[in-house]
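Subject: Structure handover

Hello,

Please find the structure below, with the sequence alongside. My notes on what was found follow it.

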Amino acid sequence: MRIESDLKLDFKDVLIRPKRSTLGSRKEVDIKREFKMKWSGRTYEGVPIIAANMDGVGTLSMARAFYKQGDMLTAALTKHYSVDQLVDFFTSDASENAWYSVGLSENDSDKLAEVLKHVPAEKINKLCIDVANGYSERFNNFVKKMRDTYPDKTIMAGNVVTGEMTEELMLCGADIVKVGIGPGSVCTTRKMTGVGYPQLSATIECADAAHGLSGLVCADGGCTVPGDIAKAFGAGADFVMLGGMLAGHDQCEGEITEGANGQKFCTFYGMSSDTAMERHSGGVAEYRASEGKTVRIKHRGDVNDETLQGILGGLRSTCTYVGARQLKELSKRTTFIMVGQQINNVFGES
Ligand code: 5GP
């Protein structure tokens, strides 16, 4: 047994210090980014925010809403669409706003091959390969296999939380490594297993490792307010993935119920929750426990209305506070200050 005593931080433990700025208005801030991918060689241009591949979030409707919005946000689609639905979607103009999610099962790989028979290969150019625990050899081998099979597709793979595993996944062929174990809004991994890593520190450490190899990272999970997204970018994330913050909208493709006072609600659940396993795998397998929960959340209308406006406006505002004309400059201009409880911990106060 070993104890690491370095301080590890979460979003709530820090604030971003304002800096002298020549920016007059948030209108002057450009929150789009342009990346050249390490392995696929493709260029990505857009606001680097991704809807998580969760039921109610990574939906075809979400990708279509992002297409309509126009800033090139993207949605990682859930793995549960049929071949027909995927063919229909990936032949449409909104295809650029989506990541095709692949699991490790043979069924998933076969489904991708089948869909690719019916759509121009160019239309599916971004793959998201994710598992709860990206540390297994089987996962590494799968990422290598996908890189060999699809050399010109951008591959995002994860999840991991440490620098050495970020490097490993990059060397296996990932263009983008997805970072986060346990921070999700409907995730119970930390409670069920005791495993996890504070998300701000995970992002800082993995971004450092990836950037050293000309790779990129996507900070996945734990953002609850627009300021957390800004902190993730400030920490060095190239992309930020959102689940809970994008749940509960018209685009959820799920049931919307009405409460006594006319308030509308949706159900939102983790992809390892009982609800997800009942829905997609016919129940929780005997050997495993659920690592996600199910919550009822208020319905929030169209994602393109208040929600996206708040997120993008918040991010622009952060950039003006630190004098970053482009999102690209945000992490260079970020100084985090530790706040509240964290400082008490450091100085040994109660
Ligand atoms: P959020 O933005 O809601 O805080 O986090 C979204 C992320 O939580 C997802 O992208 C995914 O990585 C993670 N996640 C989704 N469902 C589950 C689950 O059931 N269990 C765990 N451990 N993580 C989940």
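Helices and strands here are DSSP runs, numbered from the N terminus; a helix needs at least four residues (H or I) and a strand at least two (E). Please keep in mind that this is a predicted model.

I begin with helix 5, which spans residues 163-172. Glu 167 has its place in this helix. On the surface, Glu 167 gathers with Glu 164, Glu 168 and Asp 208 in a patch of negative charge. Helix 5 supplies three residues of that patch, the largest share.

Next, the sheets. Strands of a sheet pair through backbone hydrogen bonds, in either a parallel or an antiparallel sense.

Eight strands make a closed barrel in the order 4-5-6-7-8-9-10-11, and their pairing is parallel. One of the pairs joins strand 5 (residues 74-76) to strand 6 (residues 98-102), in the parallel sense and over two bridges. Ala 76 has Trp 99, in strand 6, as its bridge partner.

The other sheet to mention is open: three strands, ordered 12-13-14, with antiparallel pairing. Strand 12 (256-258) and strand 14 (294-298) are at the edges and have a single partner strand each, so one side of each has no neighbour in the sheet. From one strand to the next, the twist averages 35 degrees. Strand 13, residues 264-269, pairs with strand 14 in the antiparallel sense over five bridges. For Thr 267, the bridge partner in strand 14 is Arg 296.

Some backbone details are also worth a look:

- The peptide bond that leads from Gly 158 to Asn 159 is cis, and its omega is near 10 degrees. Asn 159 lies in strand 8, residues 154-160, one of the strands of the closed barrel.
- Met 72 is not a glycine, yet has a positive phi of about 65 degrees. This residue is in the loop between helix 1 (60-69) and strand 5.
- Glu 253, also a residue other than glycine, has a positive phi near 60 degrees. Glu 253 sits in the loop between strand 11 (239-242) and strand 12.

Regards

Key. Residues numbered from 1 in each chain as written. Predicted model: local features only at pLDDT ≥ 70, side-chain atom pairs only at ≥ 80, totals over all residues. Heavy atoms only, no water. Pairing = 2+ DSSP bridges. Axes fitted to C-alpha atoms, helices over the stretch in contact; angles between N-to-C directions. Patch = residues over 30% accessible without salt bridge, like charges linked within 9 Å, V, L, I, M, F, W, Y side chains within 5 Å. Areas by Shrake-Rupley, 256 points an atom, 1.4 Å probe, with all protein chains shown as cover. Salt bridge = Lys/Arg side-chain N within 4 Å of Asp/Glu carboxyl O. Lys, Arg positive; Asp, Glu negative; His and termini not counted. Charge placed at Lys NZ, Arg CZ, Asp CG, Glu CD.
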